[in-house]
Amino acid sequence: MEQRTAPMAATRTSSPNVPRSGAISKGYNFASTWEQNAPLTEQQQIAIVALSHAVAERPFPPNLAQERVIGPESGLSVNTTDIASEDSAAIEAVLVNTNQFYKWFTELEAAMKSETEEKYRHYVDSLTQRIQTCDGILRQVDDTLELFNELQLQHQTVATKTKTLHDACDRLLMEKERLIEFADALRSRLNYFDELENIATSFYSPSMNLGNENFLPQLKRLDECITYVESNPQYAESGIYLVKFRQLQSRALSMIRSHVQSVLKSASSQVHGAIRGSSGNKAAVSEGVEASVIYVRFKAAASELKAVLEEIESRSSRKEYSQLLAECHKLYCEQRLSLVRGIVQQRISDFAKKEALPSLTRSGCAYLMQVCQLEHQLFDHFFPSSSEDVSSLAPLIDPLCTYLYDTLRPKFIHETNLDFLCELVDVLKVEVLGEQLSRRSESLAGLRPTFQRILADVHERLTFRARTHIRDEIANYVPLGEDLDYPSKLEQSPEVKEATDSAVESQDVFKTWYPPLEKTLSLLSKLYRCLEPAVFTGLAQEAVEVCSVSIQKASKLISQRSSLMDGQLFLIKHLLILREQIAPFDIEFSVTHKELDFSHLLEHLRRILRGQTSLFDWTRSTSLARTLSPRVLESQIDAKKELEKSLKATCEEFIMSVTKLIVDPLLSFVAKVTAVKVAISSGVQNKKLESVMVKPLKEHAFASPEKVAELVQKVSAALQQELPRVIEKMKLYLQNPSTRTILFKPIKTNILEAHTQVLSLLKSDYSTEDMETINMVSISDLQAQLDSLL
């Protein structure tokens with residue numbers, strides 16, 4: 001098509017407005033003819049012109065020759081060049097009408113088709129030849145594939161036959177291996193049964209003993225056979241073989257037991273011989289109980305047992321060997337006990353003869369711990385795996401501990417000294433159990449039960465002696481004359497003389513205390529660290545309670561002997577000391593008492609005797625079981641609260657007695673005036689009494705200015721004379737200024753209150769002249785006077 005369009009593009013028109021391309025000229029001539037038949041709009045013409053100008057400047061192809069086409073003015077002239085043939089002449093076609101155009105276009109189209117088909121025809125021929133060639137190749141390939149398929153079928157047949165052969169071979173190999181494994185397993189199983197004859201021959205041989213190098217391997221093999229036969233009871237005659245194996249094992253273990261016993265006895269005999277061959281001084285031997293003659297020589301003599309005992313320990317998971325190991329422990333402990341028993345008993349007996357109970361306890365426990373540690377080290381040498389078990393050495397340690405316990409118990413059971421018992425508790429609790437056993441807990445664990453038992457017995461004895469002490473020395477204390485010599489006892493005490501000069505407490509401070517108080521506090525201070533909190537709480541509650549009662553009894557005796565005020569101050573002083581001294585104890589001074597109450601049974605018995613109820617009526621609420629069941633009554637006693645209550649009551653009594661001593665006239669006067677005023681306001685008196693009562697207060701006989709002045713004088717004299725003596729007594733009994741201030745404050749308040757009430761009555765019912773006659777001190781002056789007393 002490019003070949004056909006090239007000649008057309010080579011034509012040109014002679015008009016200057018038409019582009020110089022031949023194709024454009026032909027198109028222009030065709031367009032002119034078409035324009036005449038189908039005129040275009042102006043806009044379409046403008047677009048065509050613009051398009052023609054844009055296309056007119058296209059360059060000619062380089063392989064085409066440019067030809068000039070000149071047409072007459074009356075029509076278009078077109079030159080056509082055949083590109084296929086370079087020598088052909090130009091063809092001019094002049095299109096005058098539509099038929100010519102169609103004719104020309106048909107010729108042009110035929111020429112182009114002919115030229116185009118020629119090229120493709122050659123291409124089709126070439127393709128046809130190649131297709132034929134490919135068809136031949138495909139036929140050959142098909143023949144080859146058929147050959148390959150036939151070869152593949154033959155290969156599959158051969159592979160199937162080969163696989164069948166391989167499978168058969170594999171099955172034969174597997175069956176062979178299975179048979180071999182079965183034969184090996186059968187042989188391995190039969191080996192255990194076959195060993196019976198070999199082991200029996202070895203163990204029944206006269207030359208077989210523990211020194212034989214084959215003994216332990218044969219014993220190990222015997223254990224393996226027993227284990228196997230036990231785990232497979234389904235085998236034929238396994239029970240018979242098991243019995244025979246166990247007989248051989250019993251024989252072997254008996255040989256081991258006999259050998260261990262003989263070696264231990266031999267070692268003990270050597271040690272006994274060494275002891276007898278020494279200087280013969282038993283004291284020297286006992287002092288060197290841990291020396292080589294007891295331990296090193298025994299270890300050397302029994303060294304051949306170490307390998308056997310290790311084998312036994314390694315198999316101790318089995319019942320038979322566990323029993324054998326326990327018997328070996330027992331044999332060992334028996335032989336060791338025969339060596340050290342006499343020496344330990346002699347040493348403890350020497351301690352008991354020379355030392356007091358606390359020192360004996362300390363020395364005996366320390367010596368026993370030393371022996372126990374050495375024995376544990378020797379035991380660990382022979383039985384390294386069993387040394388951690390405390391019960392293993394129990395047959396050896398317990399008899400030694402029992403001897404120490406039997407030596408100590410009679411002594412502290414008969415000990416009455418509380419100080420010795422408390423020191424004994426401190427030695428056992430702090431030194432023995434607290435320090436030494438904690439540092440060497442593993443080797444001395446077997447001693448702990450014995451020491452705890454001794455400590456428990458000492459606690460029990462200490463508790464009993466403490467209760468006896470509370471009963472005899474505190475509750476049932478009979479005071480002597482010098483114990484009740486108050487206040488002379490305080491006046492003679494150096495503590496009172498030095499209290500104002502020095503703050504250092506004198507050692508004689510307890511001499512001014514009532515003896516039961518000193519004994520109570522001393523007892524509690526000793527028992528606080530020695531007894532368990534629950535036990536100490538009960539004892540402390542009881543001691544504080546009976547001490548408080550004893551002090552109150554002594555206060556009554558002092559009140560009868562000296563004065564009521566001395567008795568009150570004595571009680572206040574000692575109750576304050578008791579409260580202050582028990583405060584540091586971190587316990588509750590309360591105890592709950594439970595009692596069985598049978599008081600309701602009397603009424604039930606009366607009803608039964610009257611026939612109102614039956615003894616055998618189990619359906620009613622008054623049945624026998626319910627009737628005869630006692631009631632449980634619980635009562636809680638708090639000694640500290642009771643002490644506070646007694647102290648408070650005593651302080652109130654003292655305050656009221658001092659108040660009454662100083663301002664009793666004023667209080668009586670105020671009470672009478674109050675009674676008069678109440679009688680007037682009540683209106684229940686007769687007319688004569690009313691006529692008397694309406695008189696002014698100062699006209700009454702008891703309320704005249706002279707009488708009131710006399711009362712005021714008595715009170716002033718008491719303030720100046722009695723009250724200083726009271727203050728001096730308070731300073732004598734109560735050395736703490738703050739305590740005196742607290743106790744004196746309500747007394748001062750009561751005195752001021754009495755004067756205030758009287759002054760109020762004087763101001764309301766008396767004239768100024770009467771008040772001057774009475775001459776009562778002012779409240780401010782009275783307060784200053786009272787403050788100066790302290």
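This is a predicted model: local features need pLDDT of at least 70, side-chain atom pairs count only at pLDDT 80 or more; totals for chains, interfaces and linings use all residues.
Local features are reported at pLDDT of at least 70 and side-chain atom pairs only at pLDDT 80 or more, whereas totals for chains, interfaces and linings use all residues. Residues are numbered from 1 along each chain as its sequence is written, and side-chain values use heavy atoms, with hydrogens and water left out.

Helices here are DSSP runs of H or I with at least four residues, numbered from the N terminus. From α17, P516, L517, T520, L524 and L527 meet a set of α18 residues including F536, L539, V544 and I551; contact means heavy atoms within 4.5 Å. By class, the α17 contact with α18 has 11 nonpolar, two polar and no charged residues.

Helix α12 (residues 394-413) has a buried set made up of L396, I397, L400, C401, L404, Y405, T407, L408 and F412, where buried means under 20% relative accessible area and exposed over 50%, with a 1.4 Å probe and protein chains only. These residues cover an arc of only 165° around the axis, which puts them on the same side of α12; the arc is that of the directions from the helix axis to the C-beta atoms. An α-helix has 3.6 residues a turn, so residues three or four places apart point the same way.

Not counting residues up to four places away in sequence, D566 touches P487, I558, K729 and Y733.

P487 itself sits in the loop between α14 (448-475) and α15 (488-491), and the peptide bond from Y486 to P487 is cis, with omega near 5°. Another backbone feature is found at N775, in the loop between α26 (768-774) and α27 (779-789): its phi is near 55°, a positive value in a residue other than glycine. N775 counts as exposed at 54% relative accessibility. Most residues other than glycine have a negative phi, and most peptide bonds are trans.

Note on methods. Helices (H or I, at least four residues) and strands (E, at least two) are DSSP runs, numbered from the N terminus. Ala, Val, Leu, Ile, Met, Phe, Trp, Tyr, Cys and Pro count as nonpolar, Asp, Glu, Lys and Arg as charged, and the others, Gly among them, as polar.
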